[in-house]
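Please walk through the strands of this chain, their pairing and a part of the surface. The sequence and the structure come next.

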Amino acid sequence: MKKTGLFVFILLLVSGINSQAIKTYNATRTLISPKIDGDTDEEPWDKLEWEGSFIQLEPHEGSEPSQQTLFKLIYDNDNIYVAIKCLETDPALINNRLSRRDEWEGDMAGVHFDSYHDKRTGFVFVVSASGVKNDCILNDETDSSDDSFDPVWYVKTKSRHDGWYAEFRIPLSQLRFSNNSDQVWGFNVVRSIYRNEEFSCWSPASKKNHGYVNQYGLLKGIQNIKPRKQIELAPFTVGKYESYEKEEGNPFADGSDISFDAGIDGKIGITNDIIMDFAINPDFGQVEADPSEINLSEFETYFQEKRPFFVEGKNITNFQLTMGDSPWSTDNLFYSRRIGRYPQLSPQLQDGEYSKIPQNTRILGAFKVSGKTKKGFSVGIIENLTNSTKALIDNNGTRRKEIVEPLTNYFITRVQKDFKKGNTLLGAMFTSTYRDLNDENKAYLPLSAITGGIDFTQYWKDKKYFISLMMAGSQISGTKESIRDLQLSSRRYFQRPDVEYFRYDPQKTSLSGTGGTLLIGKQVNDGLRYVANVTWRSPGFETNDVGFLREANNIFEFIWVGYIINKPFSVFRTVQFNSNQWSGLDFNGNLLFKGGNINTNLTFKKLWRLGFGINYEGNNIANTFLRGGPSMYVPGNWNYWFNIGSNPKKKLTATAGASINDGFKNYLNAVNYFANITYKPVNSFNLSMMPSFTTYDTELQYVDSYTYLNDDKYIFGNLDQKTFNLTIRVNYNITPDLSVQYYGSPFISSVLFNKFKNITDPKADDYFDRFHVYNSNEIFYERGVGYLIDESNDGIYDYSFSDPDFNFRQFRSNLVVRWEFIPGSTMFLAWSQSKTDFEESSTEFNFKENFKKLFKVTPHDIFLLKISYRIQAGKFI
């Protein structure tokens, strides 16, 4: 028995050692550069043996793939060349989806390089069977990918009787590596089969471990190559024609405008590791419009960045203060939408005057330095200068200008250093905003804003466990008037009459505060996972000059526990269970809210999806509910949701779901229905429609505030809001380099109020004692004036407020033809259209009538032609 036990122990030990063995591929130098045409039978490929032995990661980790994959790799002084053979027992099953770059559709194969060999950063080059490029940078630390990485490389695919083949040429100028004579890189070759979501790789990986890059194999044998400084210039020219409704008497609205512009984008390699991107007079006219919305809350809406210059490499300047999907998760020291924003000030107009205000603050120049050194230093530096933006004002032919956004400089620096093979990370961030203010605008905007932060992360046990700390501070300086506005803003409401732990000071000329997060958890892709979080924002914390802050004066904690089963069993492919608990305090120790949820997400072997969950939000204290008034007790609610989706690999796919909010005391009833229907009749065409319909009924919607006889009145009403939104997307890809893309979105929202009330005792124990509903003897409606209140019942109106009912209708669309006529050089032909209609004193939601009125609105059309030509040069370091 002892011998048997020893034998089993030795067997397990050897098996464990073998399972940890790192695969190594030895590259071969070539003197003959292969022609990139997808043919791998010619020189120099015919002199090499094929490498194989791929292992599945999805769905059956550790199993042999259903189809065999082979590859070869060679190099010369300028390029890495890769040949991949994707064998297929039934070539008719190969999915040749034709899409735009980085859509990641169809059967695919490619290579991953960790040329830094830091086991954290992977450069990914993947091609679909139809020849569409997909590339990104993988980041093991954040478990994320950056699809904005668009290097210049070359690839061709070819279909054969036994499968499909791919041939790559990747210039060394597009990779970052050391100046060592003998290179050792992390390396993997991957393949995905679209029809069954199978993913296999040459170097085995496990979902039980955190990250993917740290599980790469090794690439050796590359010798005596020299890093190159990347130099790329892309001058561009833009022509634009606008057509809109003519406004009689307005000299700035004659019905059409024509403009021409030019600029230059570029990349310059400061070193092989560090790249400087720059844009002089950038233009983003081809970028898709933001979605329509109605925001009746006290908080600013967060919009995603879509401009290429700011999207590319955004991970390196990210300082997200809270992880997850809570309301605090958008808080960040850098929010690039602040740069080039719509002007913040408004011109002072007299009767009979007209103004022309630019839609965006003009960016004179933008510079970005980013990269990572061999010693583990990551750096991101952004310098932006926006021009002084002026409104042109006309008064019967006499014109003047007023500044609506001052000349502003934005500076952002982010550095991070990894130690102990990437298991310890230490970083810092600094931002500054400086405005060139004059006597006209210094009362409205701060002169300067500075934020800074440090972050520390420690991993252990193969990065399965971690602890992370982020701390940040802010300092805003300006005139008394500009700091007063920050104190009164919805982010803090220092004027609240019931607050004792801070006070509104109209004489202040600066504002400062701190924020941060402490995290500890376990992160794996299979089995038990958990995260515990504490995050805070002090009352004076402010980042909104170049960052994003939703609300200050909060201490928020949550504990999240999840369990994921990635090994298929029964009818399931993957199963995920999640649960959350959360609560929040203000800096006076008041318990503001508490809640929790449980949810489940299932993926079936037939690739159908099902998700459902229940959220509980307890009764809470809302410090911002009365918008500067005292805090108020607000009932909690239950939220129930589900979604179900069909196999996304089929020609016709659909997802549908609903979310229901049921408020305590019946104060809130909201339902959102949504769907996503996608049709792919042929490989080159894709049509998707995403309708949603929301009904939102609440007894507590803020309307207005008024002071009467030294008594503050907070007027609320019952809100009945119905919103319909439809997003349509059409993609037609003529070739991998020529595509047509359409986006259209009609949006209709009807907002009706009734049962107006005054909040009289916001912290009364009984919900119905917190307000007084105006009766028919106290409130009167007068068309064109609004609602008149006779609170004293003496026949004399004491105060009034406008009719808050309205209908909002909007249609936005973009049609973009994109042609990459040579690698890195593009032509955009774009047509943007918008229709907006606002109707006060609206009636009940009428779908047909609203659509009829929307499409009667005269459109605002923009036609744009943009041509960018890439000029490349390179030089040895």
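Two strands count as paired if DSSP finds at least two bridges between them. The model discussed here is a predicted one.

On that basis, strand 23 and strand 24 form a hairpin, with 4 residues between them. In the turn, K420 has a positive phi of about 50°. Strand 23 covers residues 408–419 and is joined to strand 24 by 12 bridges, the two running antiparallel. Within this pairing, R414 stands opposite M429 of strand 24.

Strand 24, which spans residues 424–435, also pairs with strand 25, again in the antiparallel sense, over 11 bridges. In general, strands of a sheet pair through backbone hydrogen bonds, either parallel or antiparallel.

The next residue to look at is L426, which lies in strand 24. Is L426 buried, partly exposed or exposed? L426 counts as partly exposed, because its relative accessibility is 45% and the class runs between 20% and 50%. L426 belongs to a nonpolar patch on the surface, together with F419, I454, F456, L469, M471, L518 and V534. The accessible area of these residues together is about 640 Å². Two elements give two or more residues to the patch: strand 25 (448–460) and strand 26 (465–477).

A separate topic is an open sheet of 3 strands, in the order 18-21-22 and with antiparallel pairing. Why is one side of strand 18 and of strand 22 left without a neighbour in the sheet? Strand 18 (354–356) and strand 22 (398–405) stand at the edges and each has a single partner strand, so one side of each has no neighbour there. Neighbouring strands of this sheet are turned against each other by 30° on average, direction ignored. Strand 18 and strand 21, the latter made of residues 389–395, run antiparallel and are joined by 3 bridges. In strand 21, L392 is the residue that K356 stands opposite.

Terms used:
Residues numbered from 1 in each chain as written. Predicted model: local features only at pLDDT ≥ 70, side-chain atom pairs only at ≥ 80, totals over all residues. Heavy atoms only, no water. Patch = residues over 30% accessible without salt bridge, like charges linked within 9 Å, V, L, I, M, F, W, Y side chains within 5 Å. Areas by Shrake-Rupley, 256 points an atom, 1.4 Å probe, with all protein chains shown as cover. Salt bridge = Lys/Arg side-chain N within 4 Å of Asp/Glu carboxyl O. Buried < 20%, exposed > 50% of the residue type's maximum accessible area, 1.4 Å probe, protein only. Axes fitted to C-alpha atoms, helices over the stretch in contact; angles between N-to-C directions.
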